[in-house]
Amino acid sequence: MANAAEHSGANGHAGVIGGSGGLGAARLLLWALAGVLAVRQAAVVLRVPPGEWLSGLRLPGTPGTLPGALYGAGHEAGQFDGTPFGGLVLKPLVGLAAPSLEVAWTCVTLLCVAAVGLVAARALPDPVPRRTALLAAPVLVALMMVSLPVREAAAPGQSAVLPVLLVLLAVFRVAGERPAGFLVGLAAALQPGLLLFVPLLWLTGRRPTARTAALTFAGATVLSWAALPRDSWTYWVQHLAGTGLGGAPDSLANQSVHGALLRFGLSGPAEIALALALAAGIGWIGLRRAVRYARDGQLLLAVAVTGCVAVAVSPAGWRHQLLWVLLAVAGKVGKRAADRPVWPVAVVLAMTLPSAVLLPNLAALAPVRDNVPLLAALAAACAVPFLARSSPYWREPVPTAYGRPAPARWARVPLLPFWRRVLSRPNLLLELLLIRVGYSLYSHIRAAAPTSRSLAEGHADQIHGIERVLGIDIEYAVNHAVVARPWLEAFFNFYYTSFHFVVPLTILAVLYWRRPGDYRWARASLGLATVLALIGFWLYPLAPPRLMPGLGFVDTVHGVQDLANPQYGAMTAISNQYAAMPSLHFGWSLWCGIVVVVLAPKGWQKLLGALHPLITVCAIVATANHWVLDAVGGAAVVAAGFALVYVLSGPRGAATAPAGVAVPRPRVPEAAVARSRG
């Protein structure tokens, strides 16, 4: 393992390759971003009043706790959840002034986060590209500052960042075997699951370090038993290493296998037996993988995998202990260059965004949605096929095939050099993640747009007045004509509610499978049009005809609305009813029609594509959900989306692959071939 540490870059990235170029400015900007995020996190914590913050320590003598024992009877789910050794270390802090302690605790925690990022960035396995060597530390620190584990670890009494830092220092920065073992033992005394690093050290040849770590843990535990015998009995025996302390074991905060099984409804001896069996299997698989990666020179990945295993198999693995998952981005996954971002993006999304953003609120998906951090840890520990350094794809993945560069449209608006036409099919998992997250952000931004009733109705009066001047104020006549014909009303109601999402998603799916080059063109134009529409929602909140009092419109889709009630029924709780200009109902349908007419090979398919926006504009007007000018706004943002793609990357025809183009293969170094055969 010592040799592996040398290969892993712990001594300063001896294998850095490439030139620096203009990366210095980017590095400074990223460090500035990390600093801003750290200040923001500190501000969130320090906003809590000192007395309330001190009570969050949940130590005897703090407000809201019982005197005496750490885990005294009468404590509720908010009691101290650390080890007796952790309580023994923290007890002297109770006598300090609350404001000073709050500031010092927050600053030390965030400094520990920065130290974790610095040590981890220096531990990347060689050879490290120059760009990665310069930017890895600020990028990792910035990501950790916005991650769920750090946001929760900054709370009072949470010391999850410190064990991570102690382990990283022991493995990568401390030279002596016994000092390194002492740090690992202290980390395990604060978080018992980290005892799994003892077998990792033993199996990778660092046996003196493993022995010292075990002895340090034993000594700290004996010390806590001697000083706090009743608390030690409560923690280790009555609560089985803290299970149920600090929160219900089946709460969403407990992202361990045991917590997941309890959330599934299992309990009693059967649940305990299944949890032990799963923990044994996860520990066996995860440690074998960690040992293999350590011997391969990927020591940071080995440490991350072991940490993920430790949290998953612990009886109580809290979210603030899952910083290990972010460190697992050190592993490389995929033979294609296009596949390399999938694992890092998935990890960052899982560890920074709420689960409700990643997955829709469906009952069938609840088991996955409630356990996203745990699933990410299990994937890193047991499932993700990280590449070995001996693989020919480690340094040279299969490159992405690009189309011929297109000339600039205008001399003053050159094509962006990084916006090149990609001919290969994008990674499906990455696409699904980005589409889901993008739609969730779209929904949140739309819902947060201004909802002032007076402003929206004032804008509606403006639109209605303009339409009267232009002679296109046909909404009332069309709405009542449709209401007078129930079959036509039912048709437009069904069309309005059924095809808004289905048709665009179907077109994207067909393009992804059959025409990947055109898929990227179509997806980019749709995304840009949607972003422009969000700007319109914010700048111009608009009441639709059905929500305008005194005009006599009939809401055919949602039923009669009580316009005296500012909530307008249940629909207002679902979405922002004033996000109407531009109309994305028509805009997305127009995008569908353009894509189908341009790309469909048969005439009847082009006809169906052209009919879709025509029927949609009739539906949005007939159901009194939009003004005619809303459709004009929708057409404008779609045209702007296509125009931006045209300006940025050239005409769509540039996406087609020249005849006979083959996907290039990486060069396989002779040394790599020899290693793989050996």
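This is a predicted model: local features need pLDDT of at least 70, side-chain atom pairs count only at pLDDT 80 or more; totals for chains, interfaces and linings use all residues.

Student: How are helices H21 and H26 oriented to each other?

Tutor: Angles under 35 degrees count as roughly parallel. Helix H21 (residues 428-448) packs against helix H26 (residues 516-539) at an angle of about 15°, and their axes lie 9 Å apart. H21 and H26 are therefore roughly parallel to each other. Their crossing is left-handed.

Student: Which residues make the contact?

Tutor: H21 contributes Glu431, Ile435, Tyr442, Ile445, Arg446 and Ala448, while H26 contributes Tyr519, Arg523, Thr530, Leu534, Phe537 and Trp538. By class, the residues of this contact comprise 8 nonpolar, 1 polar and 3 charged.

Student: Which residues touch the most other members of the largest nonpolar core?

Tutor: That core has 100 residues, and those touching the most other members are Val116, Leu168, Phe172, Trp324 and Leu327. Helix H15 (residues 299-313) supplies the largest share of the core, 12 residues. A second, separate core has 40 residues, among them Ala524, Phe537, Ala619 and Phe642.

Student: What does leucine 168 touch?

Tutor: Leaving aside residues up to four places away in sequence, leucine 168 touches Val116, Val119, Arg173, Leu300, Val303 and Leu327.

Student: Is leucine 111 buried or exposed?

Tutor: A residue counts as exposed over 50% relative accessible area. Leucine 111 has 60% relative accessibility, and therefore counts as exposed. Leucine 111 is located in helix H5 (residues 98-122).

Methods
Residues are numbered from 1 along each chain as its sequence is written. Side-chain values use heavy atoms; hydrogens and water are left out. Axes are lines fitted to C-alpha atoms, for helices over the stretch in contact, and angles run from 0 to 180 degrees between N-to-C directions. Helices (H or I, at least four residues) and strands (E, at least two) are DSSP runs, numbered from the N terminus. Angles under 35 degrees count as roughly parallel, over 145 as roughly antiparallel, 65 to 115 as roughly perpendicular and the rest as oblique. A crossing is left-handed if the near helix is turned anticlockwise from the far one by less than a right angle, and right-handed if clockwise. Contact means heavy atoms within 4.5 Å. Ala, Val, Leu, Ile, Met, Phe, Trp, Tyr, Cys and Pro count as nonpolar, Asp, Glu, Lys and Arg as charged, and the others, Gly among them, as polar. A nonpolar core is a set of buried Ala, Val, Leu, Ile, Met, Phe, Trp, Tyr and Cys residues joined through side-chain atoms within 4.5 Å. Buried means under 20% relative accessible area, exposed over 50%, partly exposed in between (1.4 Å probe, protein chains only).
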